[in-house]
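Please look through the model below before reading on.

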Amino acid sequence: MIELDGSSGEGGGQILRTALTLAMITGRPFRIRQIRARRAKPGLMRQHLVAVQAAARICGAEAAGAVLGSQELEFNPGKVQGGDYHFAIGTAGSCTLVLQTVLPALLTADRPSTLRLSGGTHNPMAPPVQFLQRAFLPRLAEMGAHIELHLDRFGFYPAGGGEVLARVSPCAALRPRSWMARGERKAAYAECFIAGIPGRVAQRELECVGKSMNWGEDQLLNRTLPADQGPGNALMLTLEYEHAAEVFTAFGEKSVSAETVARHAVQRARQYLCTQAAVAEYLGDQLMLPLALAGGGGFTVDEVSMHARTNAEVIELFLPVRFAFGKHEGADAISVHPR
């Protein structure tokens, strides 16, 4: 039984999600206490509970303490089973965080899987679906994984109601891979997704991005959605390179101006552009687990967060690997090696 302290490091939900993923894959049980202890509302929220339930169903696990608000969980996994699954979060809780919990495990199944999730697809504190489609899954494809992800309906915070479909093919083994340079830029564009709010909001956000990034009109794209998928507003800046891609997102909120939303997205993109790193902070965090499963690899990153260091500590408890944090040609770098 691996013992985990959910208050260690950054003390968020990633400790739980990483543990669930690796327990499913390795068959090793764990007990976690003080779940999300550093968050304003500690314990299992709806999206975390659904991640536990999804993981338990996919591998036939016994999960003691799997109730809303619980700060302690014991998870005893069985064998991962491929197949067709449907999980409803029931709120705007993040579909993408649940997906990231179970997708690596489904790669180890003996048959293909389909996974349909309903809930939040675009909400703060979680990657939007486009981030997975453009930044994360292409990197996994380079490691040998074949995962298709379709966004059938947007689900904005706080209403939710989004629909996502993933198709996962078995993968015998992930290949080690390194991303040390981003390479030549292939594309750069901004998209403003709006549903059930005035079109002027999108226009103002895109105008602000255009001026700040010196982008032309052909790079500023207004994506108006059916009103019944809102109300909601997401602004995304996508940067595609020869060896990597990044998606930086800001969300509209009540009493927050369109210009402020745009500046938030621009600021994050500029932080990345001011470095020579291949990937940005959030993508780096999410590449750590698949690289550990592959047994090696690494990347340069614009910022090494406490989130990444905490993730490394959890992964090292389950797998015979060690992470190293250093520098490569002036950029921060994270690498993983067999232990």
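Pro290 sits in helix 7 (residues 281-294). Helices here are DSSP runs of H or I with at least four residues, strands are runs of E with at least two, and both are numbered from the N terminus. This is a predicted model, in which local features need pLDDT of at least 70 and side-chain atom pairs count only at pLDDT 80 or more, while totals for chains, interfaces and linings use all residues. Residues are numbered from 1 along each chain as its sequence is written, and side-chain values use heavy atoms, with hydrogens and water left out.

Is Pro290 buried or exposed? Pro290 has 5% relative accessibility, so it counts as buried. Buried means under 20% relative accessible area, exposed means over 50%, and partly exposed lies in between (1.4 Å probe, protein chains only). Pro290 touches Phe136, Leu140, Met143 and Leu174, not counting residues up to four places away in sequence. Contact means heavy atoms within 4.5 Å. Pro176 is 114 residues from Pro290 along the chain, yet their C-alpha atoms are separated by 8.8 Å.

Now take the sheet that helix 7 packs on. It is an open sheet of four strands, in the order 9-14-16-15, with mixed pairing. Two strands pair if DSSP finds at least two bridges between them. Strand 9 (177-179) and strand 15 (321-328) are the edge strands, each pairing on one side only. From one strand to the next, the twist averages 15°. Strand 9 pairs with strand 14 (residues 297-301) in the parallel sense, over three bridges. There, Ser178 stands opposite Gly298 of strand 14. Helix 7 touches strand 9, strand 14, strand 15 and strand 16 (331-338), and its direction makes about 175° with that of strand 14. Such angles run from 0 to 180 degrees between N-to-C directions, with axes fitted as lines to C-alpha atoms, for helices over the stretch in contact. Helix 8 packs on this sheet too, touching strand 15 and strand 16, at about 150° to the direction of strand 15.

Helix 8 also holds His307. UniProt lists His307 as "active site" in an unreviewed entry. UniProt positions are given in the numbering used here, feature names are shortened, and annotations may be inferred rather than shown by experiment. His307 has a relative accessible area of 21%, so it is partly exposed. Leaving aside neighbours within four places in sequence, His307 is in contact with Glu10, Gln14 and Asp285.

Helix 8 (residues 306-318) leads on to another sheet, lying across strand 1 and strand 2 and running at about 170° to strand 1. Here four strands form an open sheet in the order 1-2-4-3, with mixed pairing. Its edge strands are strand 1 (2-5) and strand 3 (62-64). Strand 2 (residues 30-33) runs antiparallel to strand 4 (residues 72-76), and four bridges join them. Ile32 has Leu73 in strand 4 as its bridge partner. Helix 1 (residues 13-26) packs on this sheet, touching strand 1, strand 2 and strand 4.

Helix 1 has a helical partner as well. Helix 1 and helix 2 (residues 46-59) pack at about 5°, with their axes 10 Å apart.
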